[in-house]
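Work through the exercises below with the structure in view, and try each task before you read its solution.

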Amino acid sequence: MTDSVKLISLATAAPEHVIFQKEAVEASARLFADRFEDFRHLARVFDSAGIQKRHAARPLAWFDEPHGWQDRMQAYAEVAGELFVKAASSALRQAGLDAGDVDCVVTVSSTGFTTPSLDAQMARRMGFRADIERVPVFGLGCAAGVSGFAIASRLARGRPDAVVLFVSIELCTLAFRLDELTRPNIIATALFGDGAAACVLRSGEGGLAEVESTGEHLFPDTLDIMGWKIDDGGFGIVLAQSLPPFAERELGPAVTAILARNGLTSGDIDRFICHPGGTKVLAALESALSLSPRTLDHERAVLSEYGNMSSPTILFVLERAIQAGLPERSAMIAMGPGFSASCVTLRRVA
(Lines give C-alpha, C1' and ligand atoms only; values in the text may rest on other atoms or scores of the structure.)
Protein backbone atom coordinates (compact mmCIF):
# COMPACT_ATOMS: atom_id res chain seq x y z
CA MET A 1 0.00 0.00 0.00
CA THR A 2 1.36 3.42 -1.01
CA ASP A 3 1.88 5.87 1.83
CA SER A 4 -0.33 8.93 1.69
CA VAL A 5 1.13 12.24 0.55
CA LYS A 6 1.88 14.73 3.32
CA LEU A 7 2.35 18.46 3.33
CA ILE A 8 5.67 18.63 5.15
CA SER A 9 6.22 22.37 5.31
CA LEU A 10 4.87 25.71 4.09
CA ALA A 11 6.59 29.10 3.82
CA THR A 12 5.48 32.48 2.49
CA ALA A 13 7.35 35.55 1.26
CA ALA A 14 6.58 39.02 -0.08
CA PRO A 15 8.59 41.82 -1.75
CA GLU A 16 10.08 44.55 0.43
CA HIS A 17 8.05 47.45 -0.97
CA VAL A 18 4.77 48.13 0.86
CA ILE A 19 1.89 50.17 -0.56
CA PHE A 20 -0.77 51.26 1.90
CA GLN A 21 -4.27 51.53 0.46
CA LYS A 22 -4.42 55.24 1.31
CA GLU A 23 -1.31 55.78 -0.81
CA ALA A 24 -2.75 53.65 -3.62
CA VAL A 25 -5.97 55.64 -3.88
CA GLU A 26 -4.09 58.95 -3.81
CA ALA A 27 -1.72 57.81 -6.56
CA SER A 28 -4.58 56.41 -8.65
CA ALA A 29 -6.54 59.67 -8.34
CA ARG A 30 -3.50 61.60 -9.48
CA LEU A 31 -3.00 59.32 -12.47
CA PHE A 32 -6.60 58.67 -13.55
CA ALA A 33 -9.09 61.22 -12.20
CA ASP A 34 -8.53 63.82 -14.94
CA ARG A 35 -8.52 61.25 -17.74
CA PHE A 36 -11.30 58.83 -16.76
CA GLU A 37 -14.69 60.31 -15.90
CA ASP A 38 -15.90 57.24 -14.00
CA PHE A 39 -12.84 57.18 -11.73
CA ARG A 40 -14.44 58.99 -8.77
CA HIS A 41 -17.34 56.54 -8.81
CA LEU A 42 -15.04 53.52 -9.09
CA ALA A 43 -12.60 54.85 -6.48
CA ARG A 44 -14.97 53.64 -3.76
CA VAL A 45 -13.59 50.15 -4.38
CA PHE A 46 -10.36 51.20 -2.62
CA ASP A 47 -12.36 51.67 0.59
CA SER A 48 -14.64 48.64 0.15
CA ALA A 49 -11.91 46.18 -0.90
CA GLY A 50 -11.07 45.24 2.69
CA ILE A 51 -7.37 45.92 2.06
CA GLN A 52 -5.08 47.94 4.34
CA LYS A 53 -1.78 47.36 2.56
CA ARG A 54 -0.06 45.32 -0.11
CA HIS A 55 3.48 44.37 -1.10
CA ALA A 56 4.85 45.31 -4.52
CA ALA A 57 7.77 44.36 -6.73
CA ARG A 58 8.63 48.01 -7.27
CA PRO A 59 8.19 51.18 -5.15
CA LEU A 60 5.05 53.24 -5.68
CA ALA A 61 6.86 55.90 -7.74
CA TRP A 62 7.74 53.28 -10.39
CA PHE A 63 4.09 53.08 -11.38
CA ASP A 64 3.92 56.79 -12.25
CA GLU A 65 5.73 56.10 -15.53
CA PRO A 66 4.67 53.95 -18.50
CA HIS A 67 6.42 50.59 -18.84
CA GLY A 68 6.56 48.12 -21.71
CA TRP A 69 7.21 44.41 -21.89
CA GLN A 70 10.96 44.73 -21.37
CA ASP A 71 10.68 46.78 -18.17
CA ARG A 72 7.97 44.54 -16.79
CA MET A 73 9.70 41.25 -17.52
CA GLN A 74 13.07 42.49 -16.25
CA ALA A 75 11.38 43.43 -12.99
CA TYR A 76 9.59 40.07 -12.95
CA ALA A 77 12.78 38.05 -13.50
CA GLU A 78 14.63 39.93 -10.76
CA VAL A 79 11.96 39.95 -8.05
CA ALA A 80 10.37 36.59 -8.82
CA GLY A 81 13.81 34.99 -8.69
CA GLU A 82 14.47 36.50 -5.25
CA LEU A 83 11.08 35.39 -3.95
CA PHE A 84 11.59 31.89 -5.38
CA VAL A 85 14.82 31.50 -3.42
CA LYS A 86 13.40 33.04 -0.24
CA ALA A 87 10.19 31.00 -0.12
CA ALA A 88 11.70 27.72 -1.34
CA SER A 89 14.71 27.92 0.98
CA SER A 90 12.47 28.61 3.96
CA ALA A 91 10.16 25.69 3.15
CA LEU A 92 13.11 23.32 2.76
CA ARG A 93 14.69 24.56 5.99
CA GLN A 94 11.43 23.96 7.87
CA ALA A 95 11.34 20.42 6.44
CA GLY A 96 14.91 19.73 7.54
CA LEU A 97 16.02 19.36 3.92
CA ASP A 98 18.27 21.18 1.49
CA ALA A 99 17.88 21.85 -2.22
CA GLY A 100 19.94 18.80 -3.12
CA ASP A 101 17.21 16.59 -1.64
CA VAL A 102 14.55 17.91 -4.07
CA ASP A 103 13.59 15.47 -6.83
CA CYS A 104 10.90 17.57 -8.52
CA VAL A 105 9.90 21.24 -8.47
CA VAL A 106 6.50 22.50 -9.63
CA THR A 107 6.40 26.26 -10.19
CA VAL A 108 3.21 28.19 -10.95
CA SER A 109 2.98 31.79 -12.08
CA SER A 110 0.70 33.73 -14.43
CA THR A 111 1.99 37.30 -14.03
CA GLY A 112 5.29 36.98 -15.87
CA PHE A 113 7.67 34.48 -17.39
CA THR A 114 11.30 33.73 -18.09
CA THR A 115 12.83 31.26 -20.50
CA PRO A 116 14.64 29.28 -19.20
CA SER A 117 11.99 29.04 -16.50
CA LEU A 118 12.47 30.38 -12.96
CA ASP A 119 13.37 26.96 -11.56
CA ALA A 120 16.26 26.71 -14.04
CA GLN A 121 17.27 30.33 -13.50
CA MET A 122 17.58 29.70 -9.76
CA ALA A 123 18.90 26.11 -9.93
CA ARG A 124 22.57 26.93 -9.27
CA ARG A 125 21.75 29.47 -6.58
CA MET A 126 19.42 27.03 -4.84
CA GLY A 127 21.71 24.03 -5.26
CA PHE A 128 19.31 21.74 -7.15
CA ARG A 129 20.71 18.49 -8.53
CA ALA A 130 21.27 18.15 -12.28
CA ASP A 131 18.64 15.39 -12.50
CA ILE A 132 15.84 17.41 -10.91
CA GLU A 133 12.47 17.21 -12.68
CA ARG A 134 11.04 20.66 -13.45
CA VAL A 135 7.35 21.40 -14.04
CA PRO A 136 6.70 25.10 -14.76
CA VAL A 137 2.99 25.93 -15.13
CA PHE A 138 1.58 29.16 -16.62
CA GLY A 139 -1.96 30.46 -17.07
CA LEU A 140 -3.97 29.03 -14.17
CA GLY A 141 -4.17 32.43 -12.45
CA CYS A 142 -5.71 32.62 -8.99
CA ALA A 143 -6.63 28.92 -9.08
CA ALA A 144 -3.00 27.86 -9.47
CA GLY A 145 -2.30 27.86 -5.74
CA VAL A 146 -4.68 24.91 -5.41
CA SER A 147 -4.25 23.38 -8.89
CA GLY A 148 -0.45 23.51 -8.65
CA PHE A 149 -0.54 22.07 -5.13
CA ALA A 150 -2.68 19.23 -6.55
CA ILE A 151 -0.20 18.60 -9.39
CA ALA A 152 2.68 18.50 -6.93
CA SER A 153 0.81 16.10 -4.64
CA ARG A 154 0.04 13.73 -7.52
CA LEU A 155 3.70 13.72 -8.53
CA ALA A 156 4.65 12.91 -4.93
CA ARG A 157 2.08 10.11 -4.86
CA GLY A 158 3.43 8.65 -8.11
CA ARG A 159 7.00 8.60 -6.77
CA PRO A 160 6.77 7.48 -3.14
CA ASP A 161 10.37 8.30 -2.25
CA ALA A 162 10.47 11.68 -3.99
CA VAL A 163 10.69 15.11 -2.40
CA VAL A 164 8.46 17.50 -4.36
CA LEU A 165 8.83 21.25 -3.98
CA PHE A 166 5.86 23.42 -4.97
CA VAL A 167 6.47 27.15 -5.52
CA SER A 168 3.80 29.75 -6.32
CA ILE A 169 4.92 33.27 -7.33
CA GLU A 170 2.87 36.20 -8.61
CA LEU A 171 3.83 39.82 -9.23
CA CYS A 172 0.39 41.17 -10.05
CA THR A 173 1.37 44.82 -9.64
CA LEU A 174 3.65 44.64 -12.68
CA ALA A 175 0.51 44.45 -14.82
CA PHE A 176 -0.59 47.95 -13.72
CA ARG A 177 -1.50 49.96 -16.83
CA LEU A 178 -1.52 53.76 -17.12
CA ASP A 179 -3.07 53.48 -20.58
CA GLU A 180 -6.03 51.28 -19.62
CA LEU A 181 -8.90 53.65 -18.80
CA THR A 182 -11.27 50.84 -17.89
CA ARG A 183 -13.29 49.64 -14.92
CA PRO A 184 -11.34 46.33 -14.60
CA ASN A 185 -8.01 48.17 -14.53
CA ILE A 186 -9.14 50.49 -11.72
CA ILE A 187 -10.49 47.56 -9.72
CA ALA A 188 -7.25 45.63 -10.27
CA THR A 189 -5.31 48.67 -9.05
CA ALA A 190 -7.31 48.53 -5.81
CA LEU A 191 -7.09 44.76 -5.28
CA PHE A 192 -3.89 43.10 -6.36
CA GLY A 193 -0.55 42.66 -4.61
CA ASP A 194 2.58 40.52 -4.92
CA GLY A 195 3.78 37.48 -3.02
CA ALA A 196 5.10 33.92 -3.08
CA ALA A 197 4.74 30.68 -1.19
CA ALA A 198 6.43 27.29 -1.21
CA CYS A 199 5.54 23.84 0.08
CA VAL A 200 7.38 20.54 0.46
CA LEU A 201 5.30 17.43 -0.27
CA ARG A 202 6.36 13.82 0.24
CA SER A 203 4.85 10.41 0.85
CA GLY A 204 5.35 8.88 4.25
CA GLU A 205 4.85 9.69 7.89
CA GLY A 206 4.55 12.98 9.78
CA GLY A 207 3.96 16.35 8.18
CA LEU A 208 1.47 19.15 8.73
CA ALA A 209 -1.46 17.55 6.88
CA GLU A 210 -2.35 14.62 4.63
CA VAL A 211 -3.42 15.37 1.06
CA GLU A 212 -6.62 13.37 0.76
CA SER A 213 -8.14 14.29 -2.62
CA THR A 214 -7.91 16.72 -5.52
CA GLY A 215 -10.34 17.86 -8.21
CA GLU A 216 -11.19 20.61 -10.68
CA HIS A 217 -14.24 21.94 -12.49
CA LEU A 218 -14.12 23.86 -15.78
CA PHE A 219 -17.25 25.92 -16.42
CA PRO A 220 -18.34 25.98 -20.09
CA ASP A 221 -18.56 29.22 -22.07
CA THR A 222 -16.90 31.37 -19.40
CA LEU A 223 -13.65 32.46 -21.07
CA ASP A 224 -14.55 36.14 -20.66
CA ILE A 225 -14.88 36.13 -16.85
CA MET A 226 -11.18 36.37 -15.96
CA GLY A 227 -7.84 36.41 -17.70
CA TRP A 228 -5.28 38.52 -19.53
CA LYS A 229 -5.62 40.65 -22.63
CA ILE A 230 -2.11 40.73 -24.07
CA ASP A 231 -0.89 43.59 -26.26
CA ASP A 232 2.27 45.62 -26.90
CA GLY A 233 2.07 47.30 -23.49
CA GLY A 234 1.92 44.07 -21.51
CA PHE A 235 -0.84 42.23 -19.68
CA GLY A 236 -4.26 43.89 -19.40
CA ILE A 237 -6.76 42.55 -16.88
CA VAL A 238 -9.97 40.81 -17.95
CA LEU A 239 -12.31 40.81 -14.96
CA ALA A 240 -16.07 40.53 -15.41
CA GLN A 241 -18.43 42.39 -13.12
CA SER A 242 -20.50 39.20 -13.00
CA LEU A 243 -17.83 37.23 -11.08
CA PRO A 244 -19.27 37.46 -7.52
CA PRO A 245 -22.85 36.53 -8.54
CA PHE A 246 -21.47 33.78 -10.80
CA ALA A 247 -19.47 32.35 -7.89
CA GLU A 248 -22.47 32.54 -5.57
CA ARG A 249 -24.63 30.72 -8.10
CA GLU A 250 -22.23 28.16 -9.59
CA LEU A 251 -19.48 27.32 -7.09
CA GLY A 252 -21.59 25.29 -4.67
CA PRO A 253 -22.69 22.66 -7.23
CA ALA A 254 -19.15 22.50 -8.66
CA VAL A 255 -17.58 21.84 -5.26
CA THR A 256 -20.30 19.31 -4.45
CA ALA A 257 -19.47 17.44 -7.67
CA ILE A 258 -15.71 17.51 -6.99
CA LEU A 259 -16.21 16.18 -3.47
CA ALA A 260 -18.66 13.52 -4.66
CA ARG A 261 -16.08 12.16 -7.11
CA ASN A 262 -13.88 11.59 -4.08
CA GLY A 263 -16.61 10.02 -1.95
CA LEU A 264 -17.21 13.14 0.14
CA THR A 265 -19.96 15.66 0.82
CA SER A 266 -19.84 19.27 1.98
CA GLY A 267 -20.95 18.04 5.38
CA ASP A 268 -17.67 16.14 5.69
CA ILE A 269 -15.67 19.39 5.49
CA ASP A 270 -14.92 21.02 8.85
CA ARG A 271 -13.26 24.13 7.40
CA PHE A 272 -13.24 25.55 3.88
CA ILE A 273 -9.98 27.39 3.18
CA CYS A 274 -10.71 29.80 0.33
CA HIS A 275 -8.83 32.10 -1.99
CA PRO A 276 -9.82 35.64 -0.94
CA GLY A 277 -10.35 37.28 -4.32
CA GLY A 278 -12.03 40.29 -2.71
CA THR A 279 -14.68 41.11 -0.14
CA LYS A 280 -17.56 40.58 -2.57
CA VAL A 281 -16.10 37.26 -3.68
CA LEU A 282 -15.66 36.16 -0.05
CA ALA A 283 -19.30 36.98 0.70
CA ALA A 284 -20.30 35.03 -2.42
CA LEU A 285 -18.19 32.05 -1.32
CA GLU A 286 -19.77 32.03 2.13
CA SER A 287 -23.21 31.99 0.52
CA ALA A 288 -22.27 29.35 -2.08
CA LEU A 289 -20.75 27.04 0.54
CA SER A 290 -23.61 27.62 3.05
CA LEU A 291 -21.29 29.24 5.60
CA SER A 292 -22.30 31.85 8.13
CA PRO A 293 -21.36 35.41 7.17
CA ARG A 294 -17.79 36.38 8.18
CA THR A 295 -16.83 32.72 8.67
CA LEU A 296 -13.79 33.11 6.42
CA ASP A 297 -11.77 35.06 8.97
CA HIS A 298 -8.25 33.99 7.97
CA GLU A 299 -9.13 34.89 4.40
CA ARG A 300 -10.20 38.41 5.33
CA ALA A 301 -7.07 38.90 7.43
CA VAL A 302 -4.77 37.88 4.56
CA LEU A 303 -6.72 40.08 2.13
CA SER A 304 -6.34 43.03 4.50
CA GLU A 305 -2.60 42.60 4.93
CA TYR A 306 -1.55 41.49 1.44
CA GLY A 307 -4.39 42.10 -1.02
CA ASN A 308 -5.18 39.54 -3.69
CA MET A 309 -1.81 38.08 -4.71
CA SER A 310 -3.42 35.62 -7.13
CA SER A 311 -2.13 32.04 -6.75
CA PRO A 312 -0.06 32.21 -3.52
CA THR A 313 -2.85 33.90 -1.55
CA ILE A 314 -4.56 30.63 -0.66
CA LEU A 315 -1.28 29.34 0.77
CA PHE A 316 -1.00 32.43 3.00
CA VAL A 317 -4.49 31.51 4.25
CA LEU A 318 -3.51 27.85 4.71
CA GLU A 319 -0.47 28.94 6.73
CA ARG A 320 -2.73 30.79 9.17
CA ALA A 321 -5.18 27.89 9.34
CA ILE A 322 -2.31 25.55 10.22
CA GLN A 323 -1.06 27.94 12.89
CA ALA A 324 -4.57 28.10 14.35
CA GLY A 325 -4.88 24.30 14.26
CA LEU A 326 -6.40 22.41 11.36
CA PRO A 327 -9.65 20.53 12.01
CA GLU A 328 -10.10 16.87 11.07
CA ARG A 329 -10.79 17.66 7.41
CA SER A 330 -10.46 20.91 5.45
CA ALA A 331 -10.88 21.82 1.80
CA MET A 332 -8.86 24.41 -0.11
CA ILE A 333 -10.95 26.19 -2.77
CA ALA A 334 -9.81 28.63 -5.46
CA MET A 335 -11.26 29.92 -8.71
CA GLY A 336 -9.39 31.18 -11.73
CA PRO A 337 -9.32 31.77 -15.49
CA GLY A 338 -11.07 29.19 -17.60
CA PHE A 339 -13.36 29.87 -15.72
CA SER A 340 -12.51 27.14 -13.25
CA ALA A 341 -12.63 25.95 -9.66
CA SER A 342 -9.99 23.81 -7.93
CA CYS A 343 -10.32 21.85 -4.71
CA VAL A 344 -7.92 19.91 -2.48
CA THR A 345 -9.02 18.21 0.72
CA LEU A 346 -6.61 17.86 3.63
CA ARG A 347 -6.77 15.57 6.65
CA ARG A 348 -5.25 16.46 9.99
CA VAL A 349 -2.19 14.37 10.80
CA ALA A 350 -2.70 12.52 14.05
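**Exercise 1.** Which radius of gyration does the protein chain have, and what would a compact globule with 350 residues have?

*Solution.* The model is a predicted one, in which local features need pLDDT of at least 70 and side-chain atom pairs count only at pLDDT 80 or more, while totals for chains, interfaces and linings use all residues. Residues are numbered from 1 along each chain as its sequence is written, and side-chain values use heavy atoms, with hydrogens and water left out. For 350 residues a compact globule would have a radius of gyration near 20 Å, and the protein chain, with 19 Å, agrees with this; the radius is taken over C-alpha atoms, and the globule rule is 2.2 Å times the number of residues to the power 0.38.

**Exercise 2.** Find the order of the strands in the open sheet of nine strands.

*Solution.* Strands here are DSSP runs (E, at least two residues), numbered from the N terminus, and two of them pair if DSSP finds at least two bridges between them. The order is 5-4-6-7-1-8-13-12-11, with mixed pairing. Strand 5 (133–137) and strand 11 (271–274) each have a single partner strand, so one side of each is left without a neighbour in the sheet.

**Exercise 3.** Describe how strand 11 pairs with strand 12.

*Solution.* Strand 11 and strand 12 (residues 329–336) run in the parallel sense and are joined over four bridges. Within this pair, C274 stands opposite I333 in strand 12.
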